[in-house]
Amino acid sequence: MLVVSVLARKGGTGKSTAVRCLAVEALKAGRRVVIIDTDPQPTCYRWGQRRATTGIPVPLVVVPAPGGLAAQIESYRAQGVDLILVDTPPTATPAVNAALDHSTGALVVTRPNPEDLESVQESLRVASAQKRRTGVILWQSPPDKRVKAVALAREALEAMGADVCPTAISASISYPYAYAEGLTPQEREPEGRARAELAEVWGWLQRSGVVAVGSYDMKTILPSDPTNNAPVDSKAKRSRGKAAIKTEVTA
Ligand SMILES: Nc1ncnc2c1ncn2[C@@H]1O[C@H](COP(=O)(O)OP(=O)(O)O)[C@@H](O)[C@H]1O
Ligand SMILES: [Mg+2]
C-alpha cells in the first residue's frame, strides 16, 4: 500500500483539489483509495460527505482517527487499500510531519508564481529530510501555453532539484464548479481538458514511481459491505464491485 502526502506551505495552491482529482484517477485505474484529510479546514472531508449524501461512496474520505495516524493507516492496509492520499494543512504543523512520517511518498502542489515557488523549497526540504520520494505538480497554470510563466516556474523548480511533472494543470472554472457538486472535473466533464491533463499527471506519477500502485493484489478484496451499494455515477461504478472499506473511523 502506498501513502502519499500532498503538501504546500501556501494556502490555495490546489492541494485539496489535487488530492480529490488524483483519488478519482486512482478509482478509474481500479485502485482502492482512501483520503485522510488532516487539514483543520476539511474541504476534502466536506466534499466526501457531499458525495456520500448523493450516493457516491468512493473514495472514502476520513479525518484523522483519535487513535493516531499510524493505527488508522494500518487498519486500511489490513483492509487491502492500495493508496492513501493524505491532505495536509498549509502551515508547518506537527500534522504535516506526522503525515510524512507515515508516507511512502510526497507530492508538492504549486502555482507557477514567485510567491508559491519561494515556499516550495521548504516543502522539498521537509520531504527529503525524511527521504520521501517527492514529485512536484504545477497547478492553476495559465491555460494559454504561450504564456512563459509555466516554463519559468519549471526552470526554477528544476534548479531546486525538484522532479517536476511534465504536464501542468491549467486553471479552469471546472475545478470549483466540480467541488460544489461533490465531483471532480474528470467526472463532471468527461471530454474536457482537465480530464486529459489529470490523466497525464496520473500517468507520470506511475512512471516516476511517486504513486506507482502497480502491486494491486486481488486476494486482499474483502467481503462487500451492503451499506456501500448505493447507486453511483458512471465513474464510481467501476469501483463498486470491489470490497467496501470500513467506515467506522469516519468522524
Ligand atoms: N486548476 C484549477 N483551476 C481553477 N481553480 C482551481 C484549480 N485547482 C483548484 N482551484 C480552486 O482554487 C481554490 C483553492 O484550491 P484548494 O485545493 O482548496 O487549495 P489548498 O488545498 O492548497 O488550500 C479552490 O477554490 C479551488 O476550487
Ligand atoms: Mg486544502
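Biologist: What should I know about the model and its numbering before we start?

Modeller: This is a predicted model, where local features need pLDDT of at least 70, side-chain atom pairs count only at pLDDT 80 or more, and totals for chains, interfaces and linings use all residues. Residues are numbered from 1 along each chain as its sequence is written, while chains are lettered from A and ligands numbered from 1 in the order in which they are written.

Biologist: How many helices and strands does the chain have?

Modeller: The chain has 10 helices and six strands. Both are DSSP runs numbered from the N terminus, with helices being H or I of at least four residues and strands E of at least two.

Biologist: What describes two packed helices?

Modeller: In general, the angle between their axes and the distance between the axes. The axes are lines fitted to C-alpha atoms, for helices over the stretch in contact, and angles run from 0 to 180 degrees between N-to-C directions. Take helix α1 (residues 15–28) and helix α9 (residues 193–208): their axes come within 10 Å and cross at roughly 75 degrees. That makes α1 roughly perpendicular to α9 (under 35 degrees is roughly parallel, over 145 roughly antiparallel, 65 to 115 roughly perpendicular and the rest oblique).

Biologist: Which residues of α1 and α9 meet?

Modeller: Cys21, Leu22 and Glu25 in α1 meet Leu198, Ala199 and Trp202 in α9; contact needs C-beta atoms, placed from the backbone, within 7 Å. By class, this contact of α1 with α9 has five nonpolar, no polar and one charged residues (Ala, Val, Leu, Ile, Met, Phe, Trp, Tyr, Cys and Pro are nonpolar, Asp, Glu, Lys and Arg charged, and the others, Gly among them, polar).

Biologist: At what angle do α1 and α2 cross?

Modeller: The axes of α1 and helix α2 (residues 43–53) cross at roughly 40 degrees and come within 9 Å. That makes α1 oblique to α2. Ser16, Val19 and Arg20 of α1 make the contact with Thr43, Cys44 and Trp47 of α2.

Biologist: Which residues are closest to ligand 1?

Modeller: Lys15, Ser16, Thr17, Tyr175 and Pro176 are the closest of the 18 residues that surround ligand 1 (C-beta atom, placed from the backbone, within 6 Å of it). The shell divides into eight nonpolar, nine polar and one charged.

Biologist: Which residues of helix α4 are buried?

Modeller: In α4 (residues 94–101), Val96, Ala99 and Leu100 are buried, with 20 or more other C-beta atoms within 10 Å of their own, all placed from the backbone. They cover an arc of only 95 degrees around the axis, which puts them on the same side of α4; the arc is that of the directions from the helix axis to the C-beta atoms.

Key. Two residues are in contact if their C-beta atoms, placed from the backbone, lie within 7 Å. A residue is buried if 20 or more other C-beta atoms lie within 10 Å of its own, exposed if 12 or fewer, and partly exposed in between; C-beta atoms are placed from the backbone.
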